[in-house]
Amino acid sequence: MRRLFRVLLDCVFPATCEACDRPLAAGAPSCLCAACVGAIVRPAAPLCAPCGVPLGDPAAVVCGACRRRPPAFASARAAGVYLRAETAGGPLAVAVQAFKYRGRRGLAAPLGALLAERYPFAPDALLVPVPLHPARLRARGFNQALLLARQLGRRRGLALAPDALVRTRATAAQPGLPADERRRNLRDAFVVRRPDAVRGQAAVLVDDVLTTGATADACARALLAAGAVRVDVFTLGRAP
């Protein structure tokens, strides 16, 4: 009955893809069309062993940034390459920006399905979403990382610690800041309020996009200090 209702609703109010705005078939189960999902490509190997940025050089193992300042997390991987929509663009960037900044929560399901399909870590890892500061959470109305982690956890049978890690300090917006300023901006911004939830666990931090890795590094340091034995990072997108 639900599917029939959705088909009838789509016939009256035709749905379009959230990324490309092309019409979707009546009753389509996803708000992203198959062409856009298929166009989301994985970061091309070789990847930096710690941060997952494409290296370009087949002989390289670690990028210059990770050699200069190794991150606290063991590895970071992403479901797709994230190209900013206002430049080269791409369906992943368009979808992420609609999800985060225009409140299109329906995108959590197809984006979470993409994460689940390309999940590269242990089957018994503990998912920890990157938290928002309460003020940012009130303004946005939801934490996109938590919605993604819920979808990933449900689809892959992974445990989730939704409130173990919290953000205690409001910081300046990260986009546009260079790596050193991002790290200073995030110093002591994250705290593990429930150490019992992460102690002895291999944790996988979940977020939407990894750019410099400063946020993931700050979160990983807090989790390791609270007793996590390992922290990996999994995001929808990786900025090249």
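What covers the buried residues of helix 4? I began there, and I found that the cover includes strand 1 (75-81), helix 5 (108-117), helix 6 (134-140), helix 7 (144-156), strand 6 and strand 7 (230-238), where the cover is counted by contact, meaning heavy atoms within 4.5 Å.

Before going on I noted the basis: this is a predicted model, in which local features need pLDDT of at least 70 and side-chain atom pairs count only at pLDDT 80 or more, while totals for chains, interfaces and linings use all residues. Residues are numbered from 1 along each chain as its sequence is written, and side-chain values use heavy atoms, with hydrogens and water left out.

**Helix 4**

I looked up which residues of helix 4 (residues 91-101) are buried, and the list is Leu92, Ala93, Ala95, Val96, Ala98, Phe99 and Lys100. For this, buried means under 20% relative accessible area, exposed over 50%, and partly exposed in between, with a 1.4 Å probe and protein chains only. Helices (H or I, at least four residues) and strands (E, at least two) are DSSP runs, numbered from the N terminus. After helix 4 comes Gly103, and its phi is positive, near 65 degrees.

**Nonpolar cores**

I then asked which residues have the most contacts inside the largest nonpolar core. They are Leu111 and Leu152, in a core of 37 residues; such a core is a set of buried Ala, Val, Leu, Ile, Met, Phe, Trp, Tyr and Cys residues joined through side-chain atoms within 4.5 Å. Helix 4, helix 5, helix 7, strand 6 and strand 7 are the elements that give two or more residues to this core, and helix 4 gives the most, with six residues. With neighbours within four places in sequence left aside, I found Leu152 in contact with Gly112, Leu115, Ala116, Tyr119, Leu127, Leu158, Val206 and Phe234. A second, separate core has 28 residues, including Leu165, Leu205, Ala220 and Val233.

**Strands**

Strand 2 pairs in the parallel sense with strand 3 (residues 159-160) over two bridges, and in the parallel sense with strand 6 (residues 202-210) over four bridges; two strands pair if DSSP finds at least two bridges between them. I traced Leu127 to both partners, which are Leu160 in strand 3 and Val204 in strand 6, whereas Val128 has Leu205 as its bridge partner in strand 6.

Why is strand 6 largely enclosed by the rest of the structure? I found that eight of its nine residues are buried. Strand 6 also pairs with strand 7 in the parallel sense, over eight bridges, and one of the bridges I checked joins Asp207 to Thr235 in strand 7. Together with helix 10 (residues 214-225), strand 6 and strand 7 make a right-handed β-α-β unit; right-handed here means that, with the strands pointing away from the viewer, the path from the first strand over the helix to the second runs clockwise.

**Aromatic pairs**

How many aromatic pairs does a search of the whole structure find? The search finds four, where rings of Phe, Tyr and Trp (its six-membered ring) pair if their centres lie within 6.5 Å, with planes under 30 degrees apart counted as stacked, over 60 as edge-to-face and the rest as tilted. Among them, Tyr119 and Phe121 have ring centres 6.0 Å apart and planes at 80 degrees, so this pair is edge-to-face. Phe121 and Phe234 are also edge-to-face, because their planes are at 85 degrees, with the centres 6.1 Å apart. Since Phe121 lies in the loop between helix 5 and strand 2 and Phe234 in strand 7, the pair ties together parts that are 113 residues apart in sequence. Tyr119, Phe121 and Phe234 form one aromatic cluster, and I noted relative accessible areas of 8% for Tyr119, 16% for Phe121 and 0% for Phe234.

**Cysteines**

Last, I looked for disulfides (a pair of cysteine sulfur atoms within 2.5 Å), and the structure holds zero. For Cys48 the nearest cysteine sulfur is that of Cys63, 3.7 Å away. Cys48 is buried at 0% relative accessibility, and Cys219 is buried with a relative accessible area of 0%.
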